[in-house]
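Let's take a friendly walk through a protein model, one region at a time. Keep the picture beside you as you read.

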Amino acid sequence: MNPTRRTLDVRSLPCPQPVILTRKAMAEGGFAALEILVDDAAARENILKFAAWARCEVDEVATEGTVTRIVLRPATPGEAAEAAPVVHAAVGAPAGAATVLLTSDGIGSASPDLARLLMRGFLYTLTECDAPPLRIILMNAGVRLALEGSDSLDNLRTLADRGVDVIACGTCLEFYKSTEILGVGRISNMYEISEHLLSGPSVVLG
Amino acid sequence: MRLLATYPSSSSALRAEHRLKASGLAVELIPVPRQVRSNCGFCLLVDAGGSLESLRATGPDGLWRVLDPEPGTRRRRYEPYP
């Protein structure tokens with residue numbers, strides 16, 4: 001077994017877990033190559049998109065039957081000392097990187113139109129950030145941002161493709177009778193959300 | 001060709017967005033990039049192939065061509081469009 005190679009088996013995991021776990025592994029580092037086993041076409045594409053975005057080298061993409069093996073190398077080989085910060089800058093700080101909690105579909109409340117405009121602008125701007133947040137949690141009317149028909153849906157999808165964990169509050173989706181039209185991200189609960197908010201720096205907007 | 005159109009105010013950018021969307025153009029309302037203007041505001045990113053006239057008709061006070069991002073970053077670059 002090669003100690004400089006780490007294997008990540010993401011077979012049978014639901015989207016977006018494969019790309020999130022890939023991103024976490026690249027942020028942790030400590031290996032020369034990361035071998036990923038994936039059996040879902042969308043997850044495979046997301047991992048390759050992430051690899052291009054994080055400027056990883058793709059050593060191998062080999063499909064046998066339903067399983068694809070992807071081998072990624074963080075940044076430039078032979079420059080390990082320089083590679084680590086490059087990768088961290090590209091994927092966002094590894095441990096303790098920011099969680100963004102959005103509690104409304106707007107920023108501020110004095111004028112609802114202005115509030116929604118500012119939120120749209122904020123989410124677009126995140127897509128141009130070189131170090132986006134680790135996760136975006138949507139609560140209360142914040143879940144509306146991730147629904148089909150939302151002005152911000154494409155931007156949230158872009159972020160999710162890059163490995164940002166988009167989490168929608170299940171209670172809130174149910175309250176707004178919108179569970180069926182969630183267009184991006186996954187549904188979670190107060191336990192997981194609380195853990196994330198207490199596990200590192202959080203930015204709260206709403 | 002992607003163009004960025006700036007307007008005298010955010011509300012005029014919003015009005016232009018509604019107008020262009022109604023005529024079927026792909027439009028995105030985004031914060032004005034720092035390279036284009038330093039003050040706060042919103043502008044439009046438009047796929048303007050063949051529809052430059054509709055875009056001009058919304059009364060932008062500036063047009064910029066959208067270039068590829070700077071190497072190694074995700075920030076788009078812009079150059080003035082005549």
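## A lysine in a loop

We begin at A:K177, which counts as exposed because its relative accessibility is 76%; exposed means over 50% relative accessible area, buried under 20%, and partly exposed in between, using a 1.4 Å probe and protein chains only. A:K177 is found in the loop between α6 (170-175) and β8 (186-188) of chain A. Helices here are DSSP runs of H or I with at least four residues, strands are runs of E with at least two, and both are numbered from the N terminus. Most residues other than glycine have a negative phi.

A:S12 also has a positive phi, near 70°. You will find A:S12 in the loop between β1 (5-9) and α1 (17-28) of chain A, and A:S12 is exposed, with a relative accessible area of 64%.

## How to read the model

This is a predicted model, in which local features need pLDDT of at least 70 and side-chain atom pairs count only at pLDDT 80 or more, while totals for chains, interfaces and linings use all residues. Residues are numbered from 1 along each chain as its sequence is written, chains are lettered from A and ligands numbered from 1 in the order in which they are written, and side-chain values use heavy atoms, leaving out hydrogens and water.

## Rings that meet

Rings of Phe, Tyr and Trp (its six-membered ring) pair if their centres lie within 6.5 Å; planes under 30 degrees apart are stacked, over 60 edge-to-face, and the rest tilted. Over all chains, the count is 1 aromatic pair. A:F175 and A:Y176 form it edge-to-face, with 5.2 Å between centres and 85° between planes. A:F175 is exposed at 64% relative accessibility, whereas A:Y176 is partly exposed at 26%.

Now look at the open sheet of 4 strands, with order β1-β2-β4-β3 in chain A and mixed pairing. Strands pair if DSSP finds at least two bridges between them. The edge strands, β1 and β3 (57-64) of chain A, each pair on one side only. β3(A) and β4 (residues 67-73) of chain A run antiparallel, joined by 7 bridges, and A:A62 stands opposite A:R69 in β4(A).

α1(A) packs on this sheet, touching β1, β2 (33-38) and β4 of chain A. Contact means heavy atoms within 4.5 Å.

## Inside the cores

A nonpolar core is a set of buried Ala, Val, Leu, Ile, Met, Phe, Trp, Tyr and Cys residues joined through side-chain atoms within 4.5 Å. The largest one has 29 residues, and those touching the most other members include A:L102, A:L123 and A:M139. Apart from this core lies another, of 19 residues, with A:L34, A:I36, A:F50 and A:W53 among them.

Which residues does A:M139 contact, leaving aside neighbours within four places in sequence? They include A:L101, A:T103, A:C169 and A:I193.

Technical notes
Axes are lines fitted to C-alpha atoms, for helices over the stretch in contact, and angles run from 0 to 180 degrees between N-to-C directions.
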